[in-house]
There are 2 protein chains.
Amino acid sequence: MTKDATTKTDADSPMHATKQRLIGAGLQMLLKHGYNDMGIQALLAATGTPKGSFYHHFRDKEDFALQVLDSYMAAVHDGLDACLQDASRPPLARVRDFFETTQRSYREEGYMGCLIGGLGQELSGISEVFRAKIAECFSAIAGRIAGCLEEARQRGDIPAGCNVRELADLLVDCWEGAALRSRLERKPDALNTMLDFYMGAVAGGGGVGQGTAPA
Amino acid sequence: MTKDATTKTDADSPMHATKQRLIGAGLQMLLKHGYNDMGIQALLAATGTPKGSFYHHFRDKEDFALQVLDSYMAAVHDGLDACLQDASRPPLARVRDFFETTQRSYREEGYMGCLIGGLGQELSGISEVFRAKIAECFSAIAGRIAGCLEEARQRGDIPAGCNVRELADLLVDCWEGAALRSRLERKPDALNTMLDFYMGAVAGGGGVGQGTAPA
DNA sequence: AAATCGGAATAGACCGGTCGGTCTAATGAA
DNA sequence: TTCATTAGACCGACCGGTCTATTCCGATTT
């Protein structure tokens, strides 16, 4: 079995500076332009990289985007680690904290939204590779959140009969929709409203849908 | 009012058959490929149209996509008309009916999702024209739904303190996220779960998050 | 230490293909 | 006639990707 050099994010190699630079700039460009509108030439010009280097480090454009996605997912998992594992806080608060942190990072990027959602929309119709990969990304994130919701369920913070996996998938899905809206409107309101609604509803309760008072 | 059953993309022109054909095929291709991956050549080949006809009816590719979007929105408004105006049914049931109808149409198209959401994700970062237009599309749909929710509020079907416009925006946003997930997984589960959750939560209540039993 | 070697990485000219878009001419209906 | 529409050859630009050449740098040899 030949060694699969593609799509590896892990750090068994030093990951040369040039490759890092390309992936970093590629993330920004993919967030803004999406896949099809991001040109290799533009990426090389923006980073001052000759073409030979790019095709030395990446098999082709698809391989590159998949590795950018791996890098993005690694950052997401880091965020999940940082938020969900703080055993001193109630599990629902940890989940909320993760999404509030994510929302902050969206703003810092200028409301370009979520790379996974963006590439998913653009490519799921034309690339089985991306479709499957991105579905797996969402599933992985939801899996992490489901674990935290299960803690909440066992503490009685959410109803015992809940299907935590379904609730976690739902949260991720709604989040992506709100992220699109926030991207379109260049403001975080949709994200905040969605999070308030979800947390209110899942915790069993009162006050649902009574956000900001009507004007 | 003209008979013009199909779309009122433009004012009151009879809308030539060739133009109709291009818009119809363009909708399918834009749903599957998105904007940047949809080639004019491919569209012309698929419809047997010479290039001269295309550029006679449309200024350029952007103009074409915008008109496809207009046509799509007209269909959405037709769906809203058909579902939301049936005064014999409770308003919340009408809202639900609209989304269930929409979900059925997604399946019939092979789970290509929503054109508005797809183009929104792909183009909002690079085209101010599309960004503003698509934001307006979502706003218009949410406005229609908010009207129906207001009826529900006045009947006491949802809490009196609700901000119906916010609730309607939220519904549209979460729907789009679930539509993306359903597209990625080629199945409607995410859409159904989302709708159940929303309706349960907004109506004030019980049973939230207790969908299908775990396997 | 100096010389040498070899693969990794850089460098950019170059390629075929396709893209969106233009142009001129033929055709059809009023 | 007149003008909207059809028809498709044609265009320059740019795309992703290949190719050959060069440079860099640590390991090996002496």
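This is a predicted model: local features need pLDDT of at least 70, side-chain atom pairs count only at pLDDT 80 or more; totals for chains, interfaces and linings use all residues.
The side chains of A:D196 and A:R96 form a salt bridge, with N and O 2.3 Å apart. Now display the helices around this pair: A:D196 belongs to helix α9 (residues 189-202) of chain A, and A:R96 to helix α5 (residues 91-108) of chain A. The two residues lie 100 residues apart, and the pair thus links distant parts of the chain.

Next, consider the surface at this site.

Select A:D169 and B:R181 next. These residues form a salt bridge whose closest N and O atoms are 2.8 Å apart. Which helices hold the two partners? A:D169 lies in helix α8 (residues 164-185) of chain A, while B:R181 lies in helix α8 (residues 164-185) of chain B, so the pair joins two chains. Both A:D169 and B:R181 are buried.

Then move to chain B and select B:R89 and B:D97. A salt bridge connects B:R89 with B:D97, and the closest N and O atoms are 3.6 Å apart. B:R89 counts as partly exposed because its relative accessibility is 34%.

To finish, show every salt bridge at once. How many salt bridges are there over all chains? The count over all chains comes to 27.

Conventions
Residues are numbered from 1 along each chain as its sequence is written. Chains are lettered from A and ligands numbered from 1 in the order in which they are written. Side-chain values use heavy atoms; hydrogens and water are left out. A salt bridge is a side-chain nitrogen of Lys or Arg within 4 Å of a carboxyl oxygen of Asp or Glu. Helices (H or I, at least four residues) and strands (E, at least two) are DSSP runs, numbered from the N terminus. Buried means under 20% relative accessible area, exposed over 50%, partly exposed in between (1.4 Å probe, protein chains only).
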